[in-house]
Amino acid sequence: MGRYVARRLLQMIPVFLGSTLLVFAMMYALPGDPVRALAGEQAVDPTQIAEMKKELGLDLPLWHQYWNYLVNLFQGDFGTQIASGRPVADIISEAFPITVRLALFAFIFTVVVGISMGVFAGLKADTLRDRGLLVLTLLLISVPSFVLGFLGQYFFAFQLGWVDPNVSMEANADELILPAVVLGSLSLAYVARLTRTSVAENLRSDYMRTAVAKGLPRRRIIGVHLMRNSMIPVVTFLGTDLGALLGGAVVTEGIFNVKGVGSAVFDALRHREGATVVGIVTLIVIVYLVASLVVDLLYAVLDPRIRYA
Amino acid sequence: MRGAKSAKWVAGAAIIALAATACGGGDSDDSSKASKEKGKPAGYVSIDVGEPQKPLIPADTNESLGSYVIQSIFTQLLDFDADGNIVYTNAESVKSTDNKTWTVKLKAGWKFHDGTPVTSESYIKAWNWYANVKNAQQNAFWFEDIKGYEDVHPEKGDPKATEMSGLKAVDDTTFTIELNKPVPYYEYKLGYTTFAPLPEVFYKDTKAFGQAPVGNGPYVFEKWDHKKLIQVKANPDYQGPNKAKNKGVLFKNYATVEAAYQDLLSGNLDMIRQVGPKDLPKYKADLGDRAIDEPYAAIQSLVPTFYSKTFKDIDPKVLQGLSMGIDRDTITKTVLNGTRKPATSFTPPGVAGNQDLGTDVFKFDPAKAKQLVKEGGGVPENKIWIQYNADGGHKEWVTAVCESIRNSTGVDCVPDAKPDFQTDLEARDNDQVKSMYRGGWVADYPLNVNFMRELYGSTAEANNGRFSDKEVDAAFKKGDNAASLDESIKAYQDAEKLVLEKMPAIPLWEYKTNGGYSKSVDNVTTDFHGDYNITEVTVTK
């Protein structure tokens, strides 16, 4: 187990290098010059632009820029923004806590509500309540999140007045609930459907019959025997989903004015802030890698037949 | 209204409500929508002004967000009223007998926010610093008229001097500006935000200053919560005519204009600068007389590039024909939702020297348009392209303009989208525009000169169409050499008539501010570049 984890961690290094290089090269390849764009339609002074680029190291060839970036990164320096001159680390440390909070809320909502709905429906497959769930989840999957977002704003903020339409500067917990519900509802639908299917399937399996025949109490049959086996596909989905949530949600963040990773990376892309984009994407890649490792380890916990060496 | 209890409720009810989406709303509650804004001190007003691109240094800010903040913290020598007339703020007077040497007298007793006095030296030292090429300030070129600019800002290499020889202090409150050559309208240029003074503390740590500026303006900087808000409080000792009538301002950053509008409706924001396309059709109904719909001194045009295959050595008649082929009235009303006003000249109203050109070139007349294009010999391949940036909401109107040109003149018109503004600018700088591009110009100072010389002079740096015409240059020169401001304006008015014959651009429409304010504030007015006069805004409750 320990060796397995160590190997997986080592494998992260090439993935990390490869993905940063890719993103770096893509930012480099984009047309349009961020330093020039600062002047807009106003007059520009080529010498001054050259001077600024030299100072930022943007006049070097791609490989040299990338090398400089990596060297700085290993010293804990994420680089500096072109326009504002602020360290990228500041931008990241402002945006990530908010996104983590939002993602956790959305994740908890997805897990708790999604799994209970799935179990609830899967236990009585093909009944009215099962069909009802299928219709509801189909609705959630097919409605785009910005529609849900605006609807939520309209009902809960303007009609009922329970919440404010936007998340304020502090991004308090109570304000994040509505965005989190909107953000989590798509995954919720998938989780509910996955759980429902695997619960319904496993109900018919041999070990379930054995457990019933043994005379185990119903709560134990469902809670332990059935659930553990049914959770494997759901956990796989949730693992990548957590990564996606932490990567920020540009649309939902935009609707509710959440200043998270999604809007930070979108802003940076629009202004061609290469270092910011690479820095945030790097962190997202790491989050994904760790999440998938945790998922793989969870398999062994859920199903004792799976072993890692 | 707010609180953890009700919010928990939301979570539970959400699923049910979202499933039954169409089950009708509760009764709308309009009662207490006054300001209940979180974290806003009493007497403050808030406005949606997003994160400035650069640190808050007057000469390094040329975009509208940063300028809003800079204007509240710094006061220059003079400012303009709504009609574009000069109002002296920090200056007592600015005078010149020969238009070459200008004598500035400062009002006595002015202080920076840190208590140090505002003297002639505060201006001279600051301007020298701004202009120095080493400091790489975005607006350094604004000082190019001053004698000795080439020494501190040479085209190549290191500066030869740190001071411009044209700036001299006479005493603590008087200084002179000597220019390279006479500029009769120089006083107007001094109203640009870049000409602000700096306190001594700036030179100790310029980086820290950019994050927490100390100015001499109507507001004192309080804090900058990056990407969230900038807070300033009224300066109680301010002596200028634009003393703040509120206790302070919150400049709040919103991810989208739609989000800002939602906050305006729910009483979490006092002023919105521009309503987004989604809410434009209903904002007047929502806000009633709190809606703002004011034109300002900015103009959008189609700029032909005179190096391109399409417009090389073109007969101006063709351009006049294309101009008459555009149905400005219908497009501004429908596609643009009334956010623009059809142009009638090369300068917008609100700038001194704006005139009625008495021409039909800006009127929609398909028959005459067709005829003019034909007389002028048409364009190669009978096809033109309009380049625009796809990230700025221009697609709809460019498509409509093209449609209009195609239908009325028979010239095939194709929108040429560049993914974003950066790419768009790059193509303009490198002379790679296929035939025309979308140009936009907001007045730096409210004078017709700004819309003529800076755009169509053959050596002007913003002249990306590479228009070059000796007669036009001569006409501009005449305006620059005029003996007085009035004569200069007049000369430029004559030049505009010449420009109309040469058609270096096809003006489309003037911009408008389409914004609004909440019930908790009043007296919201706009200035000549469409910004709100924040110091005038009063709090109702």
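The legends below describe views of chain B in a predicted model. Local features need pLDDT of at least 70 and side-chain atom pairs count only at pLDDT 80 or more, while totals for chains, interfaces and linings use all residues. Residues are numbered from 1 along each chain as its sequence is written, and chains are lettered from A in the order in which they are written.

**View 1. Overall fold of chain B.** Chain B holds 17 helices and 19 strands (DSSP runs numbered from the N terminus: H or I, at least four residues, for helices; E, at least two, for strands). Its radius of gyration, taken over C-alpha atoms, is 25 Å, close to the 24 Å from the globule rule (2.2 Å times the number of residues to the power 0.38) for 541 residues, so chain B is as compact as a globular protein of that length.

**View 2. The annotated region of chain B.** An unreviewed UniProt entry lists residues 91-461 as "domain: Solute-binding protein family"; such annotations may be inferred rather than shown by experiment. Over residues 91-461 the chain is 28% helix and 22% strand.

**View 3. Helix α13 of chain B.** Just after α13(B), B:G410 has a positive phi of about 80°.
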